[in-house]
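User: I would like to go through this structure and ask what stands behind the terms used for it. Please set each value against its definition.

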Amino acid sequence: MAGRARLVVVGAGPAGLTSAAEASARGMQVTVVDEGAVLGGQFFRARQDSWAEGSPRRLGLGDADAQILLRTTVVDAPTDGVLATWSANRRIEYIEYDWLVLATGAYDRPVPIPGWTLPGVLTAGGAHALAKTNGVVPGKRMLVAGSGPFILAVADVLVARGCSVTTLEATPFTMQIAGLKAVVRDPELLRQAAGYMGRLAVRRATPRYGWTVTRIIGNERVESAIVQRVDIEWRPVPGSEKALQVDGVCLGFGFVPRLDLAQLLGCSVAYQADSSDYRLQTNAHMRTTRERIFAAGEVTGVAGVRVAHVEGRLAGLSVAREAGLVTAAEFELRQRDLSARLGKLRRAAEWIRVAFRPRPALWSLAQPPTVVCRCEDVTLEAAERALCANSADPLSVKVATRIGMGLCQGRICSPYLIEWLRAKHGYRPAAAGRPWSVRPPISPVPIGDLASHTDRRR
Amino acid sequence: MQVKSDPPAVGEILLDGRRYPIHEGDTIGSCLMRAGILRLRHSMTGEVRGIFCGIGICNDCLIVVDGQPNIRACQVEASPGVRIEIAVS
């Protein structure tokens, strides 16, 4: 059917799939691209049998509704209306779009602490995925440290896999009152939280509040960790150090939006000072600052799965409206309903975001010899030295030290670098625009394949 | 390390002349972690590294698969018979 309006959705998590389902139901020609081997993104990866809202089974998106490209990574946006993708089977391929929905999700906020590069130290999200999808864990005695509800989920899956778990929540219990209010007003959250706390209590993994990990020790892998009491601003309390024998550590200090593709496309991103992250800017219809490019889910600000799938609906509906496939009256009606639901869900998410936001002392856990850029092995010491001859802004430090010039393109080190400069060196991030450039390919591509792409790009 | 309720093995991968069973849905990283192998790479300055982000973001779990370097162990499915090498910088 030539001439149908083409929508490409990047990301097959709850937000991407609902937007695809919505647009497809309106008659758009939809393509969904995702790096994963299964639909559902990080949230539903290990819950393929789930019937929850936004789940692949509930949406029942099939080949008749959308072309689904799994194990496929978007690596470039060479011209308007075209994305370059890479996959092991099909190498470089180009897909054309009239509209785009960015649902690229989020990843664990990386936090450098001494010893965090040792094998056996994983992000909370990574450990959760491995335990839940594949049933494997880095070790028998696990330490889960961080802040926010997700560390309960990680501790829960680890104890279910037979680990003995120590759970450390940095935010003191008294500071969680705001979050608790949201939980008790929300039956779904309450049921979830009660489930975690009950199971963790049985397995002696109940979180210790106002504690965190300040050093991880080991030779070829994690052998022990130093944990410490922290004050309400998360400053380690001197003299409270305790050593724990552990085989693995999961770090879970919340999530940050994955913005590389959005930035490559020139969409505006905004800095959220109190949660120390950047998010993609969208209007009430989920449109980014660029024509025909919409966004939904965690990339617009981390708010959880329930917000993600409603944003996905709204984005899909808005795209269909622009394509002329929805009448103004119907759009108005549905948009009002979805926006009302979003308002309510976002308020609940906001309580949690504020309660568990990272406190500035988090950026002081790294010590001078700590590697802060894992790709290029740049230490904090080297970054400090670079400051003597350069201004205290991320790009100057990057150019002087190679921080962020490795394979991950700064996805791991840039959130830290920006917050460290802000907390310790008076750097003031601008409200709009991220001080970090993104260049293609945004994911590593074998050089031979890249050569063919460069030819095409010329 | 091995834990409860593992699905049955569907093949093997090879590392340093040893065989490691693949279970359904395994990536190379999960397959090796089940056997207690966490060290997957040496960094530029020779530090040992393993899976960190687990979702394909950080590129810290790069291994050599059938002679092809820079493969993310956490992302690539384990197919029977592949030969893994730990990259040395």
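**Core, chains, contact and strands**

Analyst: This is a predicted model. Its largest nonpolar core holds 170 residues, and those with the most contacts inside it are V101(A), L102(A), V144(A), L158(A), V249(A) and A295(A). Helix 9 (residues 305-322) of chain A contributes the largest share of this core, nine residues.

User: What makes this set of residues a nonpolar core?

Analyst: Membership requires a buried residue of a listed nonpolar type, joined to the set through C-beta atoms within 7 Å. V101(A), L102(A), V144(A), L158(A), V249(A) and A295(A) belong to the core of 170 residues. As background, nonpolar side chains in soluble globular proteins tend to be buried together.

User: Which residues are in contact with L158(A), sequence neighbours within four places left aside?

Analyst: They are A131(A), V137(A), M142(A), V144(A), C163(A) and V165(A). Contact here means C-beta atoms within 7 Å.

User: What are the corresponding values for chain B?

Analyst: Chain B has 89 residues, of which 43% count as buried. Among its contacts between residues at least 6 apart in sequence, 37% join residues at least 24 apart. Chain B contains one helix and seven strands, in the order β-β-α-β-β-β-β-β from the N terminus.

User: How many residues take part in the contact between the chains, and which element of chain A gives the most?

Analyst: The contact takes 37 residues from chain A and 31 residues from chain B. Strand 8 (106-108), strand 9 (121-123) and helix 4 (124-134) of chain A each supply at least two residues to the side that touches chain B. Helix 4 of chain A gives the most, with seven residues. By class, that side of chain A has 16 nonpolar, 11 polar and 10 charged residues.

User: Why is strand 1 of chain A described as largely enclosed?

Analyst: A residue counts as buried when 20 or more other C-beta atoms lie within 10 Å of its own. Four of the five residues of strand 1 (residues 6-10) of chain A are buried, so this strand is largely enclosed by the rest of the structure. Strand 1 runs parallel to strand 2 (residues 29-33) of chain A, and five bridges join them. L7(A) stands opposite V30(A) in strand 2 of chain A.

User: What makes strand 4 and strand 6 of chain A edge strands?

Analyst: The strands in order 4-5-6 of chain A form an open sheet of three, with antiparallel pairing. Strand 4 (73-76) and strand 6 (91-96) each have a single partner strand, so one side of each is left without a neighbour in the sheet. The twist averages 40 degrees from one strand to the next.

User: How do you know that strand 4 and strand 5 of chain A pair?

Analyst: Pairing requires at least two bridges. Strand 4 and strand 5 (residues 82-87) of chain A have three bridges, in the antiparallel sense. The bridge partner of D76(A) in strand 5 is A84(A).

How values were computed. Residues numbered from 1 in each chain as written. Chains lettered and ligands numbered in written order. Predicted model: local features only at pLDDT ≥ 70, side-chain atom pairs only at ≥ 80, totals over all residues. Buried ≥ 20, exposed ≤ 12 C-beta atoms within 10 Å, placed from the backbone. Contact = placed C-beta atoms within 7 Å. Nonpolar A, V, L, I, M, F, W, Y, C, P; charged D, E, K, R; others polar. Axes fitted to C-alpha atoms, helices over the stretch in contact; angles between N-to-C directions.
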